[in-house]
Amino acid sequence: MKFTIPANTPAKPFHKHWQFCVGSAHAGMAMRTDYCEQLKQIHDELGIERVRFHGIFSDDMHTYDTMSTVMPMPGSEQVPFYENSFRLPGLVYDNVLKAGMKPFVELSFMPSQLAKRPTRGSFYWKPCIAPPKDEVQWQAYIQKFIRFLLNRYGKEEVETWFFEVWNEPDLKTPFFDGTQEEYFRLYEITAKAVKAVDDKLKVGGPATSNSKWVAAFMDYCKAHDASVDFITTHQYAGDPIGELCNQSDDDHVKNTEEIQEEYKVDLAQLFAGLKQEDGLLPMFRRTMPDNTETDDLNRDLLRDSAIMVHKQAEGLPLYYTEWSSCATFGAPGNDTRKTAAYDVRAALSSEDVIDGSSIWCFSDIFEEIHPFPEEFHGGFGMMTQHGIPKPIFHALRLLGQVGDERLELPGALDGEVSVAAFRDAADTRLTVLATKQNLHHFAGQADPATPVEIEVELAAKPQSVQLCRIDEDHGNPLKCWQAMGEPEDMTPTQVQQVIAESAVDYALVPYEYADGKLTVKTELGTNDLAFIRIEK
């Protein structure tokens, strides 16, 4: 397969929208030392500017405690005593700022003492996901939170932050025990509370899954004079919960009973052959199969969804505050270059319609489902629990270094093998990225390697040509860990060994130059990435 890059190919500014933000575990994890160290590394090496997480108001943050919280005795709920403190959120945001980043504030979830219902989400840490029981009380709580932030960090700093109301309210069981109308009302009163304290603070939503509800959300905000400064939504290529839905309808939300009936299985048959010594992870994976391996998915879903939502946003900035290749926790592909190949191509194909985005998420220091002890357990992170960079980390680091201008190559991303090209502002370096992306990498036998030839028209012979690969033997820490015997409790020496063995860097590569044309040849296996750097 041959790709040609003509001389004088027009270029445009390269919009690295994935550097806008990154997702992470819930707020309480940001008080851990290892979390903070990895967050700083994500900022320093990948250039990511903000971090977003759930649960800044969840009960473990102790922002609203009553007498029944402190002493859960019969009758204590009748004692008119409460303590309203944002001390722990302050420690969380202190750590974010010390890492060189800013928080993308997700206003979630509900302190249980303020909740309309005692509903708990399906997370490992069981947040309260109900709407507020008293709108006035909720607005006062939000206003006190905003005043706390302004006092602690200053008006000039906090006005650079973003405030997003809730997370995926369209998903009833894990995130919001309410209707679409109840969420829209929650957004309205929350946005008004924020703006009443400082009308320059940026507030947005609806933070839905699968690009849902945006048109209806916009209609509601206009009808109820609710301020909205930006639009947020989420999109995964493989999402086991739902698909792209009609944006104007209040889509049917399944209740717990419906979900249980839909997923009812014969557990004895499902777990047949597994032994207790095999551990929890194999059992969990049988109950949560990775549909990127089983379904015929649209690999352009992020781009196609963003084009639609961009129109529905009516000129407001559009932020995809969660996205990646797979929404299934524990999926083996989350630890491999399959995620890297998908995310890189999806980021490039959606560049023109997304103002900022946040890949989910930066680290396997993460407890939505269960804190699995295996170093490589299919977690969503770009890094493992001990800070070992995965292929997606290497890919985003390399992509962040390609320069600030992207060459316009119409159709170059359309095929299974795709190409993108970039240059620095001085036009002294050209970087070509070639990928072979296939979501079904683990469904069967990998495809044979594809020969790829890159031809670049250059006025003079280059000073050097270098190649950096992410493939089976380069940037593959999972393979290094497996060769080590898959140690569960890794020593610092073992961690550093895997990091060193899976590191990637550029190396000189043979090339041909004749008649004003540079030719570089390589091969791409399934989900390989090749960065070719040409020094003019």
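Where is Val70 placed? In this predicted model, Val70 sits in helix α2, which spans residues 67-70. Its relative accessibility is 56%, so Val70 counts as exposed, the cut-off for that class being over 50%. Val70 also belongs to a nonpolar surface patch with Met71 and Met73. Together, Val70, Met71 and Met73 have about 290 Å² of accessible area.

Helix packing was examined for α1 and α13. Helix α1 covers residues 33-46, and helix α13 covers residues 391-400. The two helices pack at an angle of about 35 degrees. Their axes lie 9 Å apart. From α1, the contact involves Gln41, Ile42, Glu45 and Leu46. These residues meet Phe393, Leu396 and Arg397 of α13. By class, the contact holds four nonpolar, one polar and two charged residues.

Two cis peptide bonds are described here. One joins Ser108 and Phe109, with omega about -20 degrees. Phe109 falls in the loop between β7 (102-107) and α4 (135-153). Another cis bond runs from Gly205 to Pro206, with omega near 5 degrees. Pro206 is part of strand β9, residues 202-208.

Positive phi values occur at His62 and Trp213. His62 is not a glycine, yet its phi is about 50 degrees. This residue lies in the loop between β4 (50-52) and β5 (64-66). His62 counts as partly exposed because its relative accessibility is 40%. Trp213, also a residue other than glycine, has phi near 65 degrees. The loop between β9 and α7 (214-223) holds Trp213. At 1% relative accessibility, Trp213 counts as buried, since that class requires under 20%.

Methods: Residues are numbered from 1 along each chain as its sequence is written. This is a predicted model: local features need pLDDT of at least 70, side-chain atom pairs count only at pLDDT 80 or more; totals for chains, interfaces and linings use all residues. Side-chain values use heavy atoms; hydrogens and water are left out. Patches are made of residues with over 30% relative accessible area and no salt bridge: like charges are joined within 9 Å, nonpolar side chains (Val, Leu, Ile, Met, Phe, Trp, Tyr) within 5 Å. Accessible areas come from the Shrake-Rupley method with a 1.4 Å probe; for residues, only the protein chains shown count as cover. A salt bridge is a side-chain nitrogen of Lys or Arg within 4 Å of a carboxyl oxygen of Asp or Glu. Helices (H or I, at least four residues) and strands (E, at least two) are DSSP runs, numbered from the N terminus. Buried means under 20% relative accessible area, exposed over 50%, partly exposed in between (1.4 Å probe, protein chains only). Axes are lines fitted to C-alpha atoms, for helices over the stretch in contact, and angles run from 0 to 180 degrees between N-to-C directions. Contact means heavy atoms within 4.5 Å. Ala, Val, Leu, Ile, Met, Phe, Trp, Tyr, Cys and Pro count as nonpolar, Asp, Glu, Lys and Arg as charged, and the others, Gly among them, as polar.
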